[in-house]
Amino acid sequence: MAQGVLVFAEQVDGSFRKIAYEAVSEGRRLADTLGDTVSAVVFGSGVEGIAGELAQYGADKIFVGDDSALADYTTDAYTNMLFEVVKDNDPRILLFGASSRGKDLSARLAARLGVGLAMDCIALKLDGEKLIATRPMYGGKVLAEVALEGVPQMSAIRPNVMEIVQSPKAGDLEKVAIKTDVVKTRVVEKRLEVASKIDLTEADVIVSGGRGMGGPDFGAIEQLAEVLGGTVGASRSAVDEGWRPHSDQVGQTGKVVSPNLYIACGISGAIQHLAGMGSSKYIVAINKDPGAPIFKKADYGIVEDLFKAIPAIMAELKKVG
Amino acid sequence: MDIVVLLKQVPDTETLIQIAGDKASIRTEDVKWVINPYDEFAVEEALRIKEKHAGKVTILTMGAERAVESIRTALAMGADEGVLIDDPATQGSDALGTAKVLAAALKDTGYDLVIAGQRAVDDDGYQVPAAVAELLGIAQVSMVVKEEITDGKIRCECTIEGGIMVLETDLPALFTTQRGINEPRYASLPGIMKAKKKPLIKKTLADLKVDPSEVGEAQAKCRVKSLSFPPERSPGRIIDGETVEAKAAELVRLLRDEAKVI
Ligand SMILES: Cc1cc2nc3c(=O)[nH]c(=O)nc-3n(C[C@H](O)[C@H](O)[C@H](O)COP(=O)(O)OP(=O)(O)OC[C@H]3O[C@@H](n4cnc5c(N)ncnc54)[C@H](O)[C@@H]3O)c2cc1C
Ligand SMILES: Nc1ncnc2c1ncn2[C@@H]1O[C@H](COP(=O)(O)O)[C@@H](O)[C@H]1O
């Protein structure tokens, strides 16, 4: 019979992504409810040294696939390898982080295994041994509770939603055989932004600007984000104007984010924008129009010209801090 | 080159979503249906590839009769042919069931390149394209913002957290679209006229030789048990104050002491 919770822990260039800790912690929580064990899987090149970190978050065992052929994520190599780990260990639950790679991998593997997968989940619970996942649909307008058939029960969790919990376990390392099989894609190049920039999907604080910024100068927003240790986001209008890159766009056709604090500056609050940031823990809106729909979703609103409000907030932060 | 676009019809993003009586689906009566925005990018990219390399663009949809309207829109944009798989047995299919049907249809029509949306904005599933690629045994490349085809190879720029990954693969292959790849064209009036005469073929599972017992609700491995509305956000508070400085001070205080997020 299937046993244990298996968690795919994503690392990039030798560091775990935050979502890896979130996924292992969530796996631990589910396993504790079931009285079961947690195994994590790490693939990459030169990752044996970091794999042990996952013990801290509750991994009893850590499978390591360490090879130059796994240095960069490719759908085929990772799916082929993970498929073998799943076959050999027969877990009852298989968790992923719903990052871009996590989505790509989990979807391909679910099809290969012929089992159900709940994507981009914001909560997981158990009904006996059945995994019940909560996931937003229709751009977050509704929440669905979904049940999964087949073994393992697969779920990919939304980054930045689930808690990272320390609960040290043995974390015994076990090497897995490297058998990447046919890999149909070749990595030609990687172009990464400055390493210091935290991706919007993982940011605790996001300061976003919209058409109200009036132009490509996002200096005020960048400064506020920096003081708060946050990342800059944008509405689609700001992206369409060419003021910000597409990768900054938050919304239904942009990134779905769940920071602790989202500060929307000069953003009206269109439904498609809300689809991307509606699940933020706290929302602050700064807009000069008191009738802007964003105020209906904001925990705190300031009706002011953003070019006056942001410097005032900065001054205040410097004062107390 | 035979390019097939997987196109799904979804509720317009502006549509008010209402939960149906069964509490597990949505009411479809007053919904305005549109092409999934990411699939619009897929149609546009297919047309650009065709314009550059010649070939044929086929629109493939599994859905209800009303999806004809969306397929016609894509034909009016410039696609050559539409295929609609409308079969009651497909109802309630999950991603894998849907992919089985689409993969069978793709084998039937033939393809060099399959273009899909990264996600459908109704189920926000992010799953069907990968499952289709798996069933066809071809490469999938996710979230593409730029592509170039030369000598039977496609090179794609894909968005990943923190940057871009450039991947190359041989055709046939499947890729999914990410915003930034293009700005979809509007259907022109002559285009709309021409679309009326373009072939729109309807197929059933029997035509595709798909066993109805392999798809549909009964076979779904991922099943919606219930839908609910997310908890309403507590009514926001507009911060009062005589001056902008006073408002700023109060906001910072609230974020520190009440929300405890800074
Ligand atoms: C299919 C589809 C998908 C979409 N996807 C997305 C998406 O992913 N993300 C997204 O954001 N949008 C998306 N949109 C677009 C969306 O509908 C809105 O058009 C967009 O979000 C508006 O951006 P905005 O709030 O910056 O601009 P506007 O709606 O023009 O609002 C600007 C706001 O700034 C305020 N303002 C102006 N000057 C100042 C100032 N000096 N100080 C303070 N406030 C000021 C104004 O009062 C106004 O409220 C999508 C639309 C469609 C149809
Ligand atoms: N019923 C369908 N018919 C045609 N294409 C579909 C269908 N369902 C999903 N797709 C394709 O798969 C993509 C992702 O859908 P999903 O996995 O449901 O989020 C869509 O953008 C479409 O390109």
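Visitor: How many bridges join β6(A) to strand β11 of chain A?

Guide: First, some ground rules. This is a predicted model, where local features need pLDDT of at least 70, side-chain atom pairs count only at pLDDT 80 or more, and totals for chains, interfaces and linings use all residues. Residues are numbered from 1 along each chain as its sequence is written, and chains are lettered from A in the order in which they are written. Strands are DSSP runs of E with at least two residues, numbered from the N terminus, and two of them pair if DSSP finds at least two bridges between them. Here, 5 bridges link β6(A) to β11(A) (residues 153-157), running parallel, with A:G97 opposite A:I157. β6(A) also pairs with β1 (residues 5-8) of chain A, in the parallel sense over 3 bridges; there A:V5 stands opposite A:I93.

Visitor: How much space lies in the largest cavity?

Guide: Rolling a water-sized probe over the atoms shows where empty space is left. A cavity is a set of points on a 1 Å grid over the protein atoms alone where a 1.4 Å probe fits but cannot get out; its volume is the space filled by probe spheres set on the points, joined across faces, edges and corners. The largest cavity holds about 180 Å³.

Visitor: Which element gives the most to its lining?

Guide: Lining residues have an atom within 4 Å of a point. β7(B) gives the most, with 4 residues.

Terms used. Side-chain values use heavy atoms; hydrogens and water are left out. On a 1 Å grid over the protein atoms alone, a cavity is a set of points where a 1.4 Å probe fits but cannot get out, and a pocket is an open set with protein on both sides within 12 Å along at least five of seven lines; lining residues have an atom within 4 Å of a point.
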